[in-house]
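Me: I have a new model open and would like to go through it piece by piece. Can you help me find my way around?

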Amino acid sequence: MRYLPLTDVERGDMLAKVGAAHIDELFADVPHELRLKAPLDLPRRKTELDVERALARLSNRNLPAAAVSFFVGCGAYKHHIPATVDHLIQRSEFLTAYTPYQPEISQGTLQTLFEFQTQVAALTAMDVANASMYDGSTGTAEAVLMAHRITKRRKAILSGGLHPQYGDVVRTLSHMASDDVVSMPADIRADEDIIAEIDDATSCVVVQTPDVFGNLRDLTKIAEAAHAKGALLIAVFTEVISLGLIKPPGEMGADIVVGEGQSIGNALSFGGPYVGLFATRSKYVRQMPGRLCGETVDADGKRGFVLTLSTREQHIRRDKATSNICTNSGLCCLAFTIHMTLLGQTGLRRLARANHANAVALAEMLQGIPGVELLNKAYFNEFTLRVKGNAAAVIEKMAARDVLGGVPFSRLAPHSGYDDLIIVANTEVNTDEDRIAFVSALKGTL
C-alpha cells in the first residue's frame, strides 16, 4: 500500500486548483541553494523492522550530555532539574491539559500560566509578559514584527553579538514581509558602535546580553539613543539564569525583552521543545503576540483567570492579528514555573552565583595554556576562547577524549571567518573533575 495514494491526475487537479503549473512552484519561497539537487541517498523501501534497526544505529551515535564532561551552551544549557519538576508535570491534569478556551473548566491551567507570566515579568523587570512563545529565536522575530507595528517603520538593526540563528529567524520573517534588516558584523569583543547605525527610519535595535560570545553589555546608552530616534530597544538573552545575577533589561531601558527559558525546568532533550519568554511595557500590551492570561473575578466575586486581549488570528480577523502563533509551550511553561517556584529569589541568585563562579574557575585554569586566548572582559557562565588551529577540529578531538568542550563559532556562522573560536559554557553541574578533564583534553588536543 502506498503512503501517498494520489494519482498523477489527482495531483494535476490539485495544482490547477491553486494555480500552480508544477509542484516546484509550491516551494518558490525556498531559496534554490537550500533545495535538494537529488533525492536523499536512502533506500526506496524497507520493512518496519529494518527501519527500526537503522534508526537505532543512528541514535546510538549520539553522545548524551550526561555521559561525558559537558561544556556546550550557545542557547541550550545543561542545568540540574529537581525531580519534583518532572514528577508534577507528568500528572494527568497537567500533562493532558489543552488550550484553556473555556475558563469555567480551565482555571488550573490559566492560573499556572498567570504565575508564569508574573515570574517572567519579575525576572526581566518589565510590566507584562505573555504566556510564552515557541522559543527564544521565534520570540525575537515576533518582537521585531511588534516593533514595526508600534513605530510604523520597517527597519531592524541586529547587533553583531546576537545569536546567529536568532538573526537567521529574524531575517527569514523579514524577507517574507519585505522588511529591511541591517546585520552588524560578528562582534567578538562587544565593542561595536551600534548607536551610529540608528537613524530616523529605524524601527528597533536588537541587542543580546549576555551575547552569543558571553560578553555582558550595558544597554542603557543604546536604549537612550534608540528612543531619541523614535526606535525601540529589543533586549535578548539565551541564558535566563543570568537574570539572577545581572541587571535586568527592563532596568536598562528595554522596550521589549525576549529570550529562551529552557535553562529553568526544561532539559536539553537534543534540541527541544523549549520555551520562549516575552515581556514588554504596559503601553505596548495590545501589540504583544501570543496569549495573555488576566486576573478577574467571577459572578460571585471570587478570584479567577481568563485569556484576555486575545489579538490572535484565531480570535479576530487575520489582518488585525498581532501574530499567527497557534499555541504556546504550555507544559514547558509549567516546568519553568515549578522550578522557579522551588528556587525562589534567593535560590535563583545562589544558582546564578554558582554558575559564574564555575565559569571563572575554568577561565583561570586556562590561563597560560599555549595557543589559548580568553577574549572576554566580563561574562556570566559562558565565554569565548581563541585557539590555535581549526576550532571545529579541536572540538571533535576533545569529544574523542570524552569531553564536549563547547561550540565552535563556525558551527553557527560558517562564513564569518572566525574558524578559531570556541564558545564554552560552564554551569552549576560541572565539577572540579570536569574542569580538569576539559583542560587536559584541550592541552592534549593542541
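**Sheets, pocket and loops**

Reply: Val-372 stands opposite Val-387 in strand 12. Keep in mind that this is a predicted model.

Me: Ok. Which strands do the 3 bridges there join, and do they run parallel or antiparallel?

Reply: Strand 11 and strand 12 (residues 382-387) are joined by 3 bridges, and the two run antiparallel.

Me: How does strand 4 connect to strand 3?

Reply: Strand 3 (residues 155-158) and strand 4 (residues 180-183) run parallel, with 4 bridges between them. Ala-156 has Val-181 in strand 4 as its bridge partner, and Leu-158 has Ser-183.

Me: Changing topic. How much space lies in the largest pocket?

Reply: About 1500 Å³. The pocket is lined by 50 residues, and those closest to its centre are Val-72, Ala-76, Leu-268, Phe-270 and Gly-271.

Me: How does the lining divide into nonpolar, polar and charged?

Reply: The lining of the largest pocket has 28 nonpolar residues, 15 polar and 7 charged.

Me: Which element gives the most to that lining?

Reply: Helix 10, with 4 residues. Other elements also supply at least two residues each, among them helix 3 (83-89), helix 6 (136-151), helix 7 (164-176) and helix 9 (330-366).

Me: Which domains does the lining draw on?

Reply: Domain 1 (65-81 + 346-445) and domain 2 (83-339) each provide at least three residues of the lining of the largest pocket.

Me: Next, aromatics. How many aromatic pairs does the structure hold?

Reply: The structure holds 6 aromatic pairs. One of them is Phe-71 with Phe-438, an edge-to-face pair with 4.8 Å centre to centre and 65° between the planes.

Me: Where do Phe-71 and Phe-438 sit in the chain?

Reply: Phe-71 is in the loop between strand 1 (69-70) and helix 3, and Phe-438 is in helix 12 (residues 432-445). The two are 367 residues apart, so this pair links distant parts of the chain.

Me: What about Cys-74, where does that lie?

Reply: Cys-74 also lies in the loop between strand 1 and helix 3. Its phi is positive, about 60°, although Cys-74 is not a glycine.

Me: Last one. Is the peptide bond from Thr-209 to Pro-210 cis or trans?

Reply: That bond is cis, with omega near -10°. Pro-210 is in the loop between strand 5 (202-208) and helix 8 (220-228).

Me: And what is the peptide bond from Gly-272 to Pro-273, cis or trans?

Reply: Cis as well, with omega near 5°. Pro-273 is placed in the loop between strand 7 (256-260) and strand 8 (276-280).

Key. Residues are numbered from 1 along each chain as its sequence is written. This is a predicted model: local features need pLDDT of at least 70, side-chain atom pairs count only at pLDDT 80 or more; totals for chains, interfaces and linings use all residues. Side-chain values use heavy atoms; hydrogens and water are left out. On a 1 Å grid over the protein atoms alone, a cavity is a set of points where a 1.4 Å probe fits but cannot get out, and a pocket is an open set with protein on both sides within 12 Å along at least five of seven lines; lining residues have an atom within 4 Å of a point. Grid points are joined across faces, edges and corners, and a volume is the space filled by probe spheres set on the points. Ala, Val, Leu, Ile, Met, Phe, Trp, Tyr, Cys and Pro count as nonpolar, Asp, Glu, Lys and Arg as charged, and the others, Gly among them, as polar. Domain bounds come from an automatic or database domain assignment. Two strands pair if DSSP finds at least two bridges between them. Rings of Phe, Tyr and Trp (its six-membered ring) pair if their centres lie within 6.5 Å; planes under 30 degrees apart count as stacked, over 60 as edge-to-face and the rest as tilted.
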